[in-house]
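Dear colleague,

My notes on it follow directly after.

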Amino acid sequence: MTGNSTHKLILLALAFSGFIANSESLPNLYPFPDAAGQLETYKIRNQPIDLTGPFFQSLGTNGRSCGSCHRPAQGWSISPHELKLRFDLTQGLDPIFRANDGSNCDHNIDTSTVQGRRKAYGLLLNKGLIRIEIRVPETAEFDVMNVANPYGCSDSSWLQRFFDAVHVPASSACDQPTGTKHCHVGWT
Ligand code: HEC
C-alpha cells in the first residue's frame with residue numbers, strides 16, 4: 001500500500017472513529033482500520049475501555065498522558081503516519097512534541113516555528129522514536145571516548161537511546177533508576 005493511500009486510510013479511520021474523541025469509553029473490540037487490516041483491543045469480561053482513567057489523564061506539567069504515546073488506534077503504540085497527521089493537525093504543538101524526550105536532541109534546536117519543530121522532532125515524526133538518555137554508570141567497564149551524533153547531543157557522559165513505544169522490553173529504560181535522566185514516561 002502506498003504512503004498516500006495509507007494516509008487516506010488513517011484520515012478515514014479518524015473520521016470513522018470521530019465519536020470516540022468525545023466519548024468516555026471505547027467499546028470492547030472496537031475495530032480501528034489500519035494499513036494492514038484492523039486493530040482491536042480485547043478487555044477481559046468484555047468491558048468497554050474507560051477513556052477517563054489515569055492512563056488518559058494529563059498527570060504532569062507538559063500536557064502529556066500515557067495515551068500521548070500509547071494510542072488504541074495504533075496498537076497502543078505510535079506510528080509515523082499518525083504522528084505526521086497529529087503534527088499537521090496541531091502545527092506540531094500536541095504534547096507528544098516536547099523537547100525533553102520527543103526531539104532528536106534537547107538543545108540547539110528551534111521549536112518556535114512549525115518548520116523548526118518539524119526538524120527538531122524528525123526522528124519522532126519519521127520513525128516514531130522517543131529519546132531516552134541514560135548516564136554512563138560509575139561502574140561501567142568502559143569509557144566513552146568520543147560521540148558523533150548526527151542529531152546533536154554528543155555528550156560522552158550520557159548515552160542517547162531511541163525507543164519506539166512498544167518494541168523494547170519495558171524494563172530497559174528504567175532498570176537503573178538512579179542513573180536515568182528521563183525514566184521512560186517523558187514528563188518534565
Ligand atoms: C513520551 C512517550 C511515552 C509516554 C508519555 C508513555 N510511554 Fe510507555 N513507552 C514509551 C516507549 C518509548 C516505550 C518503549 C521503551 C521502554 O521500554 O521503556 C514504552 C513502553 C511502555 C510499556 C511496555 C510495553 C511493552 O510492550 O513492552 C508499558 C507497559 C508502558 N510503556 C506503559 C506506559 C504508561 C502506563 C504510561 C503513563 C504513565 C506511559 N507508558 C507513558 C513511550 C511513552
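In which helix is Leu 124 found? Leu 124 lies in helix H6. Please bear in mind that the model is predicted.

I begin with the overall architecture. The protein contains six helices and six strands, and their order along the sequence is α-α-β-β-β-β-α-α-α-α-β-β. The protein has 188 residues, of which 19% count as buried. Among contacts in the protein with a separation of 6 or more, 57% are between residues 24 or more positions apart.

The largest nonpolar core comprises 13 residues. Within this core, the residues with the most contacts are Leu 83, Tyr 121, Leu 124, Leu 125 and Ile 130. At least two residues of the core come from each of helix H4 (80-90), helix H6 (122-127) and strand E5 (130-135).

Leaving aside neighbours within four places in sequence, Leu 124 is in contact with Leu 83, Gly 102, Leu 129 and Ile 130. Two of these partners, Leu 83 and Ile 130, are also listed with Leu 124 among the core residues with the most contacts. As for Phe 97, this residue is 27 residues from Leu 124 in sequence, and the C-alpha to C-alpha distance between Phe 97 and Leu 124 is 8.3 Å.

With kind regards

Key
Residues numbered from 1 in each chain as written. Predicted model: local features only at pLDDT ≥ 70, side-chain atom pairs only at ≥ 80, totals over all residues. Helix = DSSP H or I, 4+ residues; strand = E, 2+ residues; numbered from the N terminus. Buried ≥ 20, exposed ≤ 12 C-beta atoms within 10 Å, placed from the backbone. Contact = placed C-beta atoms within 7 Å. Core = buried A, V, L, I, M, F, W, Y, C linked by C-beta atoms within 7 Å.
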